[in-house]
Amino acid sequence: VVEVLYFAESAEITGIRSETISVPQEIKALQLWNEIETRHPGLADVRNQVIFAVRQEYVELGDQLLLLQSGDEIAIIPPISGG
């Protein structure tokens with residue numbers, strides 16, 4: 001069981017700031033995103049714009065294997081815009 005934190009636009013899309021979900025302990029980053037997107041299909045619109053972080057480390061949405069532990073935090077963060 002991991003906690004998914006939604007920030008800014010992803011929180012607006014999902015209507016929540018966080019939730020706990022049950023996923024396999026070993027899962028590829030893209031599979032994890034797909035699990036989240038299945039729960040909140042609107043996130044598909046921002047898939048290529050968000051930053052995905054696991055345990056406060058940025059992760060590319062690809063084939064790398066994540067070794068999750070119960071209680072890990074997964075963050076969906078909007079891109080940081082400079083100004």
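**View 1. Ser 10 and the backbone of Ile 76.** In this predicted model, a polar side-chain atom of Ser 10 lies 3.2 Å from the backbone oxygen of Ile 76. Ser 10 is part of helix 1 (helices, H or I, are DSSP runs of at least four residues, and strands, E, of at least two, numbered from the N terminus). With a relative accessible area of 2%, Ser 10 is buried (under 20%; exposed is over 50% and partly exposed in between, with a 1.4 Å probe and protein chains only). Beyond its neighbours within four places in sequence, Ser 10 is in contact with Leu 43 and Ile 76 (heavy atoms within 4.5 Å).

**View 2. Strand 7 and its partners.** Strand 7 covers residues 73-77, and four of these five residues are buried, so the strand is largely enclosed by the rest of the structure. Strand 1 (residues 2-6) pairs with strand 7 in the parallel sense over four bridges (pairing requires at least two DSSP bridges). Tyr 6 has Ile 76 as its bridge partner. Strand 4 (residues 51-54) runs antiparallel to strand 7, joined by four bridges, and Phe 52 stands opposite Ile 76.

**View 3. Ile 16 in a loop.** Ile 16 sits in the loop between helix 1 (8-14) and strand 2 (18-21). Its relative accessible area is 28%, so Ile 16 is partly exposed. Leaving aside neighbours within four places in sequence, Ile 16 is in contact with Tyr 6, Ala 11 and His 40.

**Notes.** Residues are numbered from 1 along each chain as its sequence is written, and side-chain values use heavy atoms, without hydrogens and water. Local features need pLDDT of at least 70 and side-chain atom pairs count only at pLDDT 80 or more, whereas totals for chains, interfaces and linings use all residues.

Notes:
A polar contact is a pair of N or O atoms within 3.5 Å; within protein, one must be able to donate a hydrogen and the other to accept it, and residues adjacent in sequence count only if both atoms are side-chain atoms.
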